Amino acid sequence: MSAAVFDDPEPSVTVRAPAKINLQLAVGAPRPDGFHPLATVYQAVALYDDVTVSEALDWSVRLAEPIPGVPLDEDNIAIRAGRALTAHHGTELAAEIVIAKGIPVAGGMAGGSADAAATLVALDRLWDLETSDEDLLAIAATLGSDVPFALLGGTATGVGRGEVVTAVPDATQCWWVAVFSHEGLATPQVYRHFDVVAPDADPAPTLDQELIGALALGDVAAVAAHLGNDLAAPALALRPDLAATEKALRATGALGVLVSGSGPTMLALFDNGFSARGALAELQEQGYDCAIATGPVAGAHQVTYG
Ligand code: C5P
């Protein structure tokens, strides 16, 4: 075997990044820059986007399978991630980006953020840029509030506008049943409606320490008792049909029910796979489009080797 085989650069790199849910999403009154201060507890769950990058003359992005509602131009967050990384390193390199989506689009599960995080890691590996974790997190924060968490994965608190993340111990194995909507919700619209329904929001929301304690103990029932999402009210106001979904989820005997982020994905929490699979079957029987996602899982990670 010639040495050239080993010297050849990798033609492509694939990185997988998870969806997130917010076990707690406490939202404060908007800051002068328009963003809302958050106190959130993220958990990465087992729904994934896979991003494959290969070097090219110009930036491009496409979906492995077409899905409406995803921009395929310079507005795509994966291209913005690629440009931010090359600007950071002062290079003129460009890449073709192919995204295989397993995370719902505009579903409140940070699919776009997962694509951005996966693109950062994939290009870093493709070009051996050896970007420090600190720099990757800083670049991620410029792309979107949830992008640093998509790098980190696991379970973490998020403050600031959600971009200041700190890992927390999580001994749970959570079994979520996620119910998807055919129509997404635009995050900025949900935040704007939050300002309407919560005009007196606390400017400085705080993390729920009892939730964080329950995670450390691995107590899923206690986690369920402390689930909270301040964006649930505006999401339900914008999408009144979600009330029926919530009712259907509660009827499965779930330990807790939650709107995912800014919605419209809805979540039911179980502490074991048997109950979750039973609920999934019941909901599918009623015509809901749903899936099981366990958490916590790892953040963006390479899935091509050799
Ligand atoms: O940071 P990201 O790009 O995900 O935010 C999308 C939109 O969601 C923002 O433009 C803003 O309207 C809203 N947002 C907010 N406060 C946050 C995070 C997001 O108002 N903490």
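A salt bridge here is a side-chain nitrogen of Lys or Arg within 4 Å of a carboxyl oxygen of Asp or Glu. The views below come from a predicted model.

**View 1. Arg 31 and Asp 33 meet through their side chains in a salt bridge.** The N to O distance is 2.8 Å. Arg 31 is partly exposed at 27% relative accessibility, and Asp 33 is partly exposed too, at 47%. A search of the whole structure turns up nine salt bridges.

**View 2. Asp 49 reaches Lys 101 from a distant part of the chain.** Their side chains form a salt bridge of 2.4 Å, N to O. Asp 49 sits in strand β2 (residues 38-56), while Lys 101 lies in the loop between β4 and α3, 52 residues apart. Asp 49 is buried, with 0% relative accessibility, whereas Lys 101 is partly exposed at 21%.

**View 3. Asp 124 and Arg 125 form a salt bridge.** The side chains come to 2.5 Å, N to O. Asp 124 is buried at 4% relative accessibility; Arg 125, at 37%, is partly exposed. Elsewhere, shared partners join Asp 49, Lys 101 and Asp 115 into one salt-bridge network.

**View 4. An open antiparallel sheet has four strands in the order β9-β10-β7-β11.** β9 (256-259) and β11 (290-295) each have a single partner strand, so one side of each lacks a neighbour in the sheet. Neighbouring strands are turned by 25° against each other on average, direction ignored.

**View 5. Four bridges join β9 to β10 (residues 266-270).** Leu 258 has Leu 267 in β10 as its bridge partner. Helix α10 (residues 242-250) packs on the sheet, touching β7, β9 and β10. Helix α11 (residues 273-285) also packs on the sheet, touching β7, β10 and β11.

Terms used:
Residues numbered from 1 in each chain as written. Predicted model: local features only at pLDDT ≥ 70, side-chain atom pairs only at ≥ 80, totals over all residues. Heavy atoms only, no water. Pairing = 2+ DSSP bridges. Helix = DSSP H or I, 4+ residues; strand = E, 2+ residues; numbered from the N terminus. Axes fitted to C-alpha atoms, helices over the stretch in contact; angles between N-to-C directions. Contact = heavy atoms within 4.5 Å. Buried < 20%, exposed > 50% of the residue type's maximum accessible area, 1.4 Å probe, protein only.
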